[in-house]
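Student: I would like to learn how to read a helix and its surroundings in a model. Please take one example and go through it.

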Amino acid sequence: MTAEQIAALARTLPRAEEAWVHERRKFRVRGIVFLSISPDETVLGFGFPKLERDALVASEPAKFLLPRESDLRFNWVCARLAALDLAEMRELVLDAWQMVVPKKVIREYWEHRNLLAAADTVDPTESTGPDVGAPPAST
């Protein structure tokens with residue numbers, strides 16, 4: 001994964017703002033940070049339930065790591081970008097974003113995505129009704 005791939009996804013999320021703080025690229029909603037990319041673009045910090053953090057890190061210590069000590073009080077964990085694949089990155093980013101936006105925004109986002117997905121499954125070459133000018137079906 002690259003920092004730019006992560007940023008490109010984060011920029012599409014409703015209410016997300018991009019900011020640079022102490023050379024770190026951060027994404028936040030109303031001042032609450034849900035993603036942070038390290039200055040060297042090797043580590044992604046993201047919102048994650050504090051109670052589940054230790055289990056995540058223990059499950060894949062080569063991929064996930066605890067945040068610095070000063071951030072342990074937050075719902076936060078880190079991942080090595082080189083160890084993430086696209087699907088996993090998308091899931092982590094979306095889950096972190098959903099922790100900081102109102103439920104209404106989440107619902108609208110997924111409804112919109114489901115509508116787009118449904119539209120993508122329609123084959124424009126497939127007829128959805130009778131052809132104009134076609135002869136009537138014989139009975």
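This is a predicted model: local features need pLDDT of at least 70, side-chain atom pairs count only at pLDDT 80 or more; totals for chains, interfaces and linings use all residues.

Tutor: Residues are numbered from 1 along each chain as its sequence is written, and side-chain values use heavy atoms, without hydrogens and water.

Student: How many residues does H3 have, and what does it span?

Tutor: Helices are DSSP runs of H or I with at least four residues, strands are E runs of at least two, and both are numbered from the N terminus. The expected span is 1.5 Å times one less than the number of residues. H3 has 13 residues and reaches 18 Å from first to last C-alpha, close to the expected 18 Å.

Student: Which residues of H3 are buried?

Tutor: Buried means under 20% relative accessible area (1.4 Å probe, protein chains only). In H3 these are Glu88, Met89, Leu92, Val93, Leu94, Ala96 and Trp97. An α-helix has 3.6 residues a turn, so residues three or four places apart point the same way.

Student: What do the buried residues of H3 pack against?

Tutor: Contact means heavy atoms within 4.5 Å. The partners of these buried residues include helix H1 (3-11), strand S3 (32-37) and H4.

Student: At what angle do H3 and H4 cross?

Tutor: Axes are lines fitted to C-alpha atoms, for helices over the stretch in contact, with angles from 0 to 180 degrees between N-to-C directions. The axes of H3 (residues 86-98) and H4 (residues 103-120) come within 10 Å and cross at roughly 145°. Arg90, Leu94, Trp97 and Gln98 of H3 meet Val105, Ile106, Tyr109, Trp110 and Arg113 of H4.

Terms used
Buried means under 20% relative accessible area, exposed over 50%, partly exposed in between (1.4 Å probe, protein chains only).
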